[in-house]
Amino acid sequence: MAPVGTFWGDARQRQTKVILSVAALNGLELQQPPFQFGVTNKSPEFLSKFPYGKIPVFEDSEGWTLMEGSTIARYLSDLGDKSVLLGSNAKEAALIDQWVHFSEQEIGFPLSDGLGLIYGYSGPFIPEALTKHVERLFRALRHLESYLAMRPSGYLVSDSLTLADLVLVGVISTAACVLIGAAERAELLHVFAHYSKVTADEKIKEYWGTQDFTEIAVSEPKKL
């Protein structure tokens with residue numbers, strides 16, 4: 001099969017892991033040129049295609065371009081059998097969209113805000129602000145834990161893995177490296193059972209792992 005397009009992303013980036021997982025599950029080939037963050041995405045050639053200069057980004061064989069991780073992942077999901085990753089009916093499709101948005105907004109937003117404080121790229125470190133972001137993060141995680149406890153399949157929507165599951169493990173993988181320590185993970189058994197189930201899939205497990213999970217949740221400034 002010919003490549004469906006060219007993809008630029010950083011292997012450490014959660015959105016990149018989701019996109020590569022979608023491609024693997026759908027049997028899609030992506031061209032992946034060498035990429036160096038801060039160099040490749042600032043080059044004139046890159047900026048001529050993607051003026052905003054961010055990753056991940058995608059270009060198909062006709063020169064049509066797309067940016068934003070979940071958007072690229074959804075497009076690639078749609079190139080295969082839609083029922084595999086996007087649901088088998090309208091209600092499943094709506095629930096998949098619901099959990100994608102929940103993962104990105106209710107988990108991803110406070111996570112990003114917290115990381116910005118810890119690593120200093122969104123301003124000075126303010127302990128009280130970090131506490132608020134962490135409280136919002138764990139409000140979402142507790143809701144997710146209760147929901148998954150009622151899911152016999154272990155997946156968010158159907159009896160098999162969907163795009164929603166991939167987007168969720170993306171934000172969880174990042175959070176567990178910084179803001180969710182071992183003690184917190186012990187209280188989120190269903191969330192991390194879901195993470196283990198999804199990332200153990202033979203087609204995608206190379207993109208995931210637990211080796212960088214923090215033992216103690218970070219609560220002080222750190223250097224990248």
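Which residues does Lys17 touch, not counting residues up to four places away in sequence? Lys17 touches Ala11, Arg12, Tyr207 and Trp208, where contact means heavy atoms within 4.5 Å.

Before going on, a word on the model: it is predicted, so local features need pLDDT of at least 70 and side-chain atom pairs count only at pLDDT 80 or more, while totals for chains, interfaces and linings use all residues. Residues are numbered from 1 along each chain as its sequence is written, and side-chain values use heavy atoms, leaving out hydrogens and water.

Lys17 is buried but has no salt bridge, and Asp212, the nearest side chain of opposite charge, is 6.3 Å away. Buried means under 20% relative accessible area, exposed over 50%, and partly exposed in between (1.4 Å probe, protein chains only). A salt bridge needs a side-chain nitrogen of Lys or Arg within 4 Å of a carboxyl oxygen of Asp or Glu; Lys and Arg count as positive, Asp and Glu as negative, with His and the chain ends not counted.

| Site | Feature | Value |
|---|---|---|
| Ile55 to Pro56 | cis peptide bond | omega near 5 degrees |
| Glu68 | positive phi, not a glycine | about 85 degrees |

Glu68 is partly exposed, with a relative accessible area of 33%.

Now for the inside. The largest nonpolar core has 60 residues, and Leu76 is among those with the most contacts inside it. Such a core is a set of buried Ala, Val, Leu, Ile, Met, Phe, Trp, Tyr and Cys residues joined through side-chain atoms within 4.5 Å. A second, separate core of six residues includes Trp8, Phe35, Phe46 and Phe50.
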